[in-house]
Amino acid sequence: MFAAAVYFTLARSEGWARVRETFFSPRYFVEALPVVARGLLMNLRVLAVASLGVAALATLLALTRTTISPVLFPLRALATVYTDAFRGMPMIIVLYLIGFGIPGLRIFGRIDSTILGTIAVILVYSAYVAEVIRAGIEAVHPSQRAAARSLGLSHAQTMRVVVLPQAVRKVVPALMNDFVAMQKDVGLVSVLGAIDAVRSAQILVSKSYNFTPYVASGLLFILMSLPFIHLTDWYAARLKRREQAGGVV
Amino acid sequence: MDESPLLRFERARKSFGRNEVLRGVTLDVTRHTVVVCIGASGSGKSTLLRCANLLETVTDGQIFLNGEDISDPRRDADAVRRKIGIVFQSFNLFPHMTVLDNVTLSLRKVVGMPRGEAEERGMALLKRIGIEAKARVYPDRLSGGQQQRVAIVRAIASDPELLLLDEITSALDPQLVGEVLDLVLELKSTRATILMATHEMSFARSAADDVVFLHNGVIEESGPPDKIFGEPEKPATRAFLERFRV
């Protein structure tokens, strides 16, 4: 019913014929698809590297923020400033700062814009993911830490073997959500000139003034994220089943 | 044989903010004895045990293990904890590890024993408490009594010199208390040194070598169980024990 209503409103609007031709042209779609798909491979590469980078940096930040030793206060303050700054700043500003700022320093010579884009994605998403992991760490009951330490485990061993595994399990749905968000934000590396799916679409558009390639790349991004979105749903459902079966303590 | 006490509190004090929980406790735990701490909730029993294990640090006074001052801030706390096992009221098993991994964790990570050897030893311990069939399941599949017995063998897996038991039966259903206390008696028969806090008065009377009555953060009275339970001297001790004879 609703879909039909939307369809009729659109189809009867004055400009619909124009819009259909510029955004949903089958001819341009077929032409654009392979080019955009090749660009998407680059997005996938960025995504893979960024995921690993985010996992490492975010864990480090979360561990730093959850220390209590007074000696580590400066580090803790630094980590807090970091997460505040990178969660507050628009992604695109970070991309510009890293993408154009670092080469401007002329320290490293020429750096591929893909690498710079990946670094920017890692910096921003680590701040978000660190907060999620920190929430997980704080949700692990202190008695778990006490039990581990009283077995003679060091602080580092306790965090690695006892606290982190439980912390991550508690926040898996939130982590998966951040991953899905990151999956589409890797498309922003295009603003630095990296030839990814978005950028390849942009090039095609500038040649033909037909916007269908954008739609094609959007569609591919959705397809890329679908498996993971459903994995998230499946996992959440499984968690719920286990809880109903008698608790996941 | 060394006759000095294994564990010694000397005028130990502990405050949380302005609340002084221990107000100068002096206590000896001799090797191969079971010392039972009794007292009302909030009398400082748990704090005393947690201080011995360095989960809390005393605000004043000293604690000696084997004559070595473990309340000195410069000592290696991890090394001290390796010599002391503790079991908590709420079991505190690691829910993301199998029962066997829980038991072998200290052997693998602290002693540095290879996994095979550690698991052999872990299985022997689980066999001793009769739940070797549950070695590969997760703790949430065990009853409270089974979980607490796993927690006990986890604490003794790497042969600590001293075992601290902090109200280990308080979170259990009455019919499960027996199996846990039986295990404590078995440990006593192997000449383990045990300092425990409990509300199980009949167990304290039958199993303790020494009974210590804590009242408002000080040791009000201590001595052999027959004296404390039979002819307590202090009014506070009598008042406390009255409440257990319905």
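This is a short tour of the two chains, stop by stop.

**Before you start**

The model is predicted: local features need pLDDT of at least 70, side-chain atom pairs count only at pLDDT 80 or more, and totals for chains, interfaces and linings use all residues. Residues are numbered from 1 along each chain as its sequence is written, while chains are lettered from A and ligands numbered from 1 in the order in which they are written.

**Stop 1: chain A as a whole**

Select chain A. It holds 11 helices and 0 strands. Here helices (H or I, at least four residues) and strands (E, at least two) are DSSP runs, numbered from the N terminus. The C-alpha atoms of chain A fill a box of roughly 70 × 55 × 25 Å, taken along the principal axes. Its radius of gyration is 23 Å, whereas a compact globule of 249 residues would have one near 18 Å. That radius is taken over C-alpha atoms, and the globule rule is 2.2 Å times the number of residues to the power 0.38.

Of the 249 residues in chain A, 33% are buried. A residue is buried if 20 or more other C-beta atoms lie within 10 Å of its own, exposed if 12 or fewer, and partly exposed in between, with C-beta atoms placed from the backbone.

**Stop 2: Thr66(A)**

Zoom in on Thr66(A). It sits in the loop between helix H3 (26–65) and helix H4 (73–88) of chain A. Is Thr66(A) buried or partly exposed? Thr66(A) is partly exposed, because 18 other C-beta atoms lie within 10 Å.

Now show its contacts. Beyond its neighbours within four places in sequence, Thr66(A) is in contact with Arg134(A), Ile137(A) and Glu138(A). Two residues are in contact if their C-beta atoms, placed from the backbone, lie within 7 Å.

**Stop 3: where the chains meet**

Show both chains. Here 17 residues of chain B are in contact with 18 residues of chain A. Helix H2 (77–82) and helix H3 (99–111) of chain B each supply at least two residues of the side of chain B that touches chain A. The largest share of that side, 4 residues, comes from H3(B). Its residues divide into 7 nonpolar, 5 polar and 5 charged. Ala, Val, Leu, Ile, Met, Phe, Trp, Tyr, Cys and Pro count as nonpolar, Asp, Glu, Lys and Arg as charged, and the others, Gly among them, as polar.

**Stop 4: the open sheet of chain B**

In chain B, an open sheet of 6 strands has the order S6-S7-S8-S3-S9-S10, with mixed pairing. Strands S6 (84–87) and S10 (218–223) of chain B stand at the edges with a single partner strand each, so one side of each has no neighbour in the sheet. The twist averages 20° from one strand to the next. Two strands pair if DSSP finds at least two bridges between them.

Select S3 (residues 34–38) and S8 (residues 194–197) of chain B: they run parallel, joined by 4 bridges. Val36(B) has Met196(B) as its bridge partner in S8(B).

**Stop 5: the hairpin of chain B**

Select strands S1 (residues 7–16) and S2 (residues 19–29) of chain B. They run antiparallel, joined by 8 bridges. Lys14(B) stands opposite Leu22(B) in S2(B). The two strands form a hairpin with 2 residues between them, and Gly17(B) in the turn has a positive phi of about 65°.

Technical notes. Axes are lines fitted to C-alpha atoms, for helices over the stretch in contact, and angles run from 0 to 180 degrees between N-to-C directions.
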